[in-house]
Amino acid sequence: MFLFEKAVTGSRKYWIWIVCLFAVIGAGFLAYLRQLQEGLGITGLSRDVTWGLYISQFTFLVGVAASAVMVVLPYYLHDFKAFAKVTILGEFLAISAVTMCALFIFVDMGQPTRVLNVLLHPTPNSMMFWDMLSLGGYLMLNAVIALTTLHAEQKGIAPPRWLKPIILLSIPWAISIHTVTAFLYAGLPGRSFWLTAIMAPRFLASAFASGPALLILLCMAIGRLTKSSGLREPVQKLAVIVTYAMILNVFFVLMELFTAFYSQIPEHMEHFHYLFAGLDGRTALVPWMWTSAILAVASLALLIPPGTRKNPKVLAAACGMVFLSLWIDKGLGLIVGGFVPSPLGAVTEYAPTLPEAAIALAIWAIGILMITVFYKIALAVRESLA
Amino acid sequence: MILDRKSFLRLTGLSVLARKLVAAVTPKRWAMVVDARKCLQKEGCQKCIEACHRMHNVPAFAEPRHEVRWIWKEPFERAFPSQENLYSQAAFRDKPFPVFCNHCDNPPCVRVCPTGATWKRDDGIVMMDWHRCIGCRYCVAACPYGSRSFNWLDPRPRLTQMNAEFPTRTKGVVEKCTFCEERLARGEAPACVEACPEKAMVFGNLADPASEVRQLLGARYTVRRKPELGTRPEVYYIV
Amino acid sequence: MRDRGWIYSGLGLFLILVTYPFWQNLRAGVTSKGPDLRRPAEAKQCVMPVSYMRTSHMDLLASWRENAVRDGVRTFQSADGQTYNVSLSGTCITQCHASKEEFCDRCHNYASVSNYCWDCHVDPRQAHGSAR
């Protein structure tokens with residue numbers, strides 16, 4: 001079934017890796033049982049900062065999921081042959097990322113047993129309703145596409161013709177998931193940090209930088225671990241995409257800064273003050289945000305000159321920097337920064353607690369486990385053909 | 001007589017319909033006017049807060065970050081940030097103003113709720129259904145007034161006494177002021193209005209030109225909290 | 001069939017696990033006799049016929065809840081024309097059944113059904129003095 005048998009044969013190292021992931025998942029599961037018992041009070045969240053690590057990881061991972069379009073679009077729309085070997089890797093990355101998104105939303109619910117109320121009482125006026133639909137649809141699309149192309153590849157035949165329209169549909173759909181996720185935040189009166197029309201474009205730019213950066217790192221790891229060949233060219237093409245997307249992302253952030261600080265409207269400036277300088281002596285996020293900013297600029301210094309970009313070692317470092325920079329920016333600063341100060345001017349800081357971090361780590365481990373298994377299957381199919 | 005499920009549903013459906021008809025003939029729009037001068041007369045007065053929180057089983061959490069509140073006092077500058085003025089009257093500077101849910105005519109919390117657990121009734125009250133809330137806290141993020149509280153932990157152990165006529169809440173749901181809709185249904189005024197020794201809070205029907213709230217709004221200068229956001233708050237302050 | 005031993009012992013284990021509740025009940029001496037409920041002392045008639053309440057009280061309560069919270073309908077007219085207040089704590093428990101433990105809980109515990117009504121609604125007996 002689904003070529004799953006390919007995932008249960010592997011080297012000793014493979015099994016050690018799998019067991020480690022399960023250990024992390026188990027620890028997080030125990031922490032979640034405690035959260036279920038006691039309530040979300042065991043997290044670092046508060047009446048002023050009501051969303052934190054869970055929702056920001058969700059937001060970041062929607063971007064990773066959407067970024068699959070950056071390999072699917074050139075390959076299927078422009079017949080860009082270099083991406084033949086990485087397209088399926090991008091789709092599997094998307095499936096894993098969307099699953100993580102769903103799990104992060106789920107663990108953030110105060111009443112998880114009632115979560116189906118979203119479908120039982122559909123409310124088209126809520127962006128969360130649309131987000132659920134678009135994420136669910138995207139998961140289905142990618143699951144169908146990835147599994148069908150993999151089966152076709154195994155049999156050495158071309159994918160069935162009915163798949164093409166589904167693949168084409170997945171392209172605008174990928175854009176939609178991250179646009180709707182930006183709309184979750186960008187339409188709230190009284191949350192000035194998020195009330196910006198550039199939120200969706202900025203989300204997409206950061207997604208198309210962080211997702212392909214992760215894909216490059218994964219391709220490099222695959223090259224090391226399995227002696228797969230032919231990944232060098234797509235990696236270089238992906239590097240160009242990362243470079244442009246990262247430039248756009250930095251440009252968009254600078255536009256936000258200009259609007260806030262030239263207009264001098266206090267509620268627009270305060271959030272940036274809090275993130276980069278601290279407010280009322282509260283500075284928990286300041287070192288993180290400066291790390292993110294410095295990493296962003298440094299990664300661009302390495303990515304823009306073709307000479308450094310073409311060096312695999314430098315490229316790997318630059319991709320790590322892009323990923324980390326955007327993880328801090330979106331997976332930490334963007335959500336928490338929107339809550340500080342509160343609409344009533346309260347400056348309450350947020351830091352995740354140990355159980356909260358364990359739960360988040362477990363969801364990451366589930367995602368990494370899925371990526372491991374999917375890539376193992378995809379590569380095993382390829383090896384058996386070679 | 002044995003009632004089957006169908007006739008039972010018909011029976012209850014009829015009473016719902018009857019109530020909607022009555023509402024259509026006699027329009028209602030509940031609103032509140034707070035006379036800040038009267039409210040500020042007695043320093044440190046907490047009567048409205050105590051009455052409300054006791055009546056509605058609002059728990060007292062020791063940690064501020066888990067605090068649940070339906071009505072509380074906020075310094076003037078925080079309650080009305082757009083009215084800020086370096087040399088504003090000493091009478092108002094830093095003075096505590098009672099704040100609670102504004103029962104907005106265009107409530108952003110209702111717009112964002114993914115389950116319809118919070119909605120605006122025909123009489124303008126922004127209601128909560130604690131049976132349906134999934135605890136996503138989107139409404140908390142959407143409310144520009146900080147009027148909504150989430151139950152981070154089980155509220156019951158934090159209640160010293162319980163009013164059996166009103167439910168407590170459970171962990172994981174959002175709660176807020178409901179303009180005492182359960183008292184309005186019995187023809188009584190909200191608990192805070194009744195408890196105020198200075199009679200600083202006036203509650204009534206905006207749709208009725210003869211109502212006290214309409215008279216006050218017509219005669220006195222009033223402000224609302226953050227009207228520039230287009231939420232159309234229905235709590236007015238005489239300053 | 002090298003694995004015959006494994007297969008049969010696995011099947012055996014599966015059967016034991018699946019039928020475990022039966023053995024457990026036999027051992028504990030559970031009979032088919034229902035729970036011993038405390039019935040209302042004065043009230044002769046429930047808001048709906050007993051047969052209906054026995055099978056569908058949850059539907060009635062759910063519709064009470066929807067009508068009262070969402071449509072503001074707070075009274076209920078029963079088949080025999082009497083009007084009741086829609087209130088779990090105020091009407092059901094206070095006026096008729098007197099005890100949540102000896103009525104609601106006994107049956108739900110017997111049937112191993114857990115509900116969350118009382119997570120929020122207050123049992124009048126517990127209301128005053130210390131909460132829980």
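In what sense do strand 1 and strand 8 of chain B pair? In this predicted model, for which local features need pLDDT of at least 70 and side-chain atom pairs count only at pLDDT 80 or more, strand 1 (residues 30–35) and strand 8 of chain B pair in the antiparallel sense over five bridges. Pairing requires at least two DSSP bridges between the strands, and strands are DSSP runs (E) of at least two residues, helices (H or I) of at least four. Residues are numbered from 1 along each chain as its sequence is written, and chains are lettered from A in the order in which they are written.

B:Phe203 in strand 8 is the bridge partner of B:Met32. Strand 8 (residues 201–205) of chain B is largely enclosed by the rest of the structure, because five of its five residues are buried (under 20% relative accessible area with a 1.4 Å probe, protein chains only). B:Met201, B:Phe203 and B:Asn205 point one way from this strand, and B:Val202 and B:Gly204 the other way.

B:His56 lies in the loop between helix 3 (47–55) and strand 2 (71–75) of chain B. B:His56 is also buried, at a relative accessible area of 1%. Leaving out residues up to four places away in sequence, B:His56 touches B:Trp70, B:Phe166, B:Pro167, B:Arg169, B:Cys180 and B:Glu182 (contact: heavy atoms within 4.5 Å). The C-alpha atoms of B:His56 and B:Thr178 are 10.0 Å apart, although 122 residues separate the two along the chain.

In chain A, residues of helix 3, including A:Val72 and A:Leu73, meet residues of helix 7, among them A:Ile167 and A:Ile171.

Conventions
Side-chain values use heavy atoms; hydrogens and water are left out. Buried means under 20% relative accessible area, exposed over 50%, partly exposed in between (1.4 Å probe, protein chains only).
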